[in-house]
Amino acid sequence: MSDQVLVAVISALGSALVAWITAHENNRQKMDKLEKKSELEKLQEENTRLKEELERKNRDESSK
């Protein structure tokens with residue numbers, strides 16, 4: 001193979017590798033966001049539940 005063909009092949013492989021790494025990283029970032037969102041939703045639900053429980057306790061204490 002001539003040097004120009006070899007350079008072209010290496011360049012193409014490098015470009016493909018960079019594209020794959022970029023796509024993989026973007027996908028991982030999306031998954032991280034989804035996991036964080038899911039975790040946030042769980043915390044919000046727990047917060048709501050705890051607030052309701054606290055309100056119930058306060059009502060029970062005030063009715064005594």
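This is a short chat about a predicted model of one protein chain.

Colleague: How many helices and strands are in the protein chain?

Modeller: There is 1 helix, and there are 0 strands. Helix α1 covers residues 3–62. Keep in mind that the model is predicted.

Colleague: What box do the C-alpha atoms fill?

Modeller: Roughly 95 × 10 × 5 Å along the principal axes. The radius of gyration of the protein chain is 28 Å, whereas a compact globule of 64 residues would have one near 11 Å.

Colleague: What percentage of the residues count as buried?

Modeller: 0% of the 64 residues. The protein chain exposes about 6,300 Å², and carbon and sulfur atoms supply 57% of that area.

Colleague: Which residues make the nonpolar surface patch?

Modeller: V5, V9 and L13 make the patch, which is about 250 Å². V5 sits in helix α1. With a relative accessible area of 38%, V5 is partly exposed.

Colleague: Switching to charges. How many positive and negative side chains are there?

Modeller: 12 positive and 13 negative. The centres of the two sets lie 4 Å apart.

Colleague: And how many salt bridges does the structure hold?

Modeller: It holds 3. One of them joins R28 to E25, with the closest N and O atoms 3.1 Å apart.

Colleague: Where do R28 and E25 lie?

Modeller: Both are in helix α1, 3 residues apart, which is about one turn of the helix. R28 counts as partly exposed at 45% relative accessibility. E25 is also partly exposed, at 28%.

Colleague: Which residues are linked in a network of salt bridges?

Modeller: R49, E53 and K57. R49 meets E53 at 3.5 Å, N to O. K57 meets E53 at 3.8 Å, N to O.

Colleague: How many residues apart are R49 and E53?

Modeller: They are 4 residues apart in helix α1, about one turn. K57 and E53 are also 4 apart in helix α1.

Colleague: What is the relative accessibility of E53?

Modeller: 28%, so E53 counts as partly exposed. R49 is partly exposed with 44%, and K57 is partly exposed at 47%.

Colleague: Last one, E39. Buried or exposed?

Modeller: Exposed, because its relative accessibility is 51% and the cut-off for exposed is over 50%. E39 is in helix α1.

Notes:
Residues are numbered from 1 along each chain as its sequence is written. This is a predicted model: local features need pLDDT of at least 70, side-chain atom pairs count only at pLDDT 80 or more; totals for chains, interfaces and linings use all residues. Side-chain values use heavy atoms; hydrogens and water are left out. Patches are made of residues with over 30% relative accessible area and no salt bridge: like charges are joined within 9 Å, nonpolar side chains (Val, Leu, Ile, Met, Phe, Trp, Tyr) within 5 Å. Accessible areas come from the Shrake-Rupley method with a 1.4 Å probe; for residues, only the protein chains shown count as cover. A salt bridge is a side-chain nitrogen of Lys or Arg within 4 Å of a carboxyl oxygen of Asp or Glu. Helices (H or I, at least four residues) and strands (E, at least two) are DSSP runs, numbered from the N terminus. Buried means under 20% relative accessible area, exposed over 50%, partly exposed in between (1.4 Å probe, protein chains only). The radius of gyration is taken over C-alpha atoms; the globule rule is 2.2 Å times the number of residues to the power 0.38. Lys and Arg count as positive and Asp and Glu as negative; His and the chain ends are not counted. The place of a charge is taken as NZ of Lys, CZ of Arg, CG of Asp or CD of Glu.
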